[in-house]
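I opened this notebook to record what I looked up about charged side chains. The entries follow the order of my reading.

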Amino acid sequence: MGADKGSSMQFQDFLPLMARKLGVEGLIQELCKGFQLLMEPSTGKITFQSLKRNASRLGLGELRDDELLEMMREGDLDGDGALDQMEFCILMVRLSPELMEEEAHRVFDFEH
């Protein structure tokens with residue numbers, strides 16, 4: 001497994017663990033803290049430059065520029081070239097398929 005896959009797998013394992021440990025509100029608070037670490041203070045958004053500069057803080061330091069750019073493109077819902085806090089939180093959840101599966105099972109079990 002290459003370094004980029006290893007970083008991705010580590011994150012995918014980490015977010016569901018955080019969700020189980022912290023609950024939904026705690027997870028949202030931690031995602032907000034992560035956003036604050038990565039954002040460009042002058043714009044209040046995550047730019048490619050601020051993501052690249054701070055990626056190692058989230059264990060993403062092994063990712064190449066093209067992989068970081070792809071993350072930015074995937075998360076940039078309004079097309080402004082940067083990630084606001086909501087876009088960042090949505091992206092972090094989307095990057096963790098296991099978390100989405102667990103939540104779907106929880107909802108399904110609750111309804112039946």
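**Salt bridges and exposure**

I took buried as under 20% relative accessible area, exposed as over 50%, and partly exposed as in between (1.4 Å probe, protein chains only).

I noted that this is a predicted model, in which local features need pLDDT of at least 70, side-chain atom pairs count only at pLDDT 80 or more, and totals for chains, interfaces and linings use all residues. Residues are numbered from 1 along each chain as its sequence is written, and side-chain values use heavy atoms, with hydrogens and water left out.

I then asked how many salt bridges the structure holds. The count is 8, a salt bridge being a side-chain nitrogen of Lys or Arg within 4 Å of a carboxyl oxygen of Asp or Glu.

Glu30 pairs with Lys33 in one of them, at 3.1 Å from N to O. I located both in helix α1 (residues 3–38), 3 residues apart, about one turn of the helix. Helices are DSSP runs (H or I, at least four residues), numbered from the N terminus. Lys33 is partly exposed at 49% relative accessibility.

I next examined Asp65, which forms a salt bridge with Lys52, with the closest N and O atoms 2.9 Å apart. This pair links distant parts of the chain, Asp65 lying in helix α3 (residues 65–75) and Lys52 in helix α2 (residues 48–54), 13 residues apart.

Lastly, I recorded a salt bridge between Glu70 and Arg73 (3.3 Å, N to O). Arg73 counts as exposed at 52% relative accessibility.

Definitions and conventions: Helices (H or I, at least four residues) and strands (E, at least two) are DSSP runs, numbered from the N terminus.
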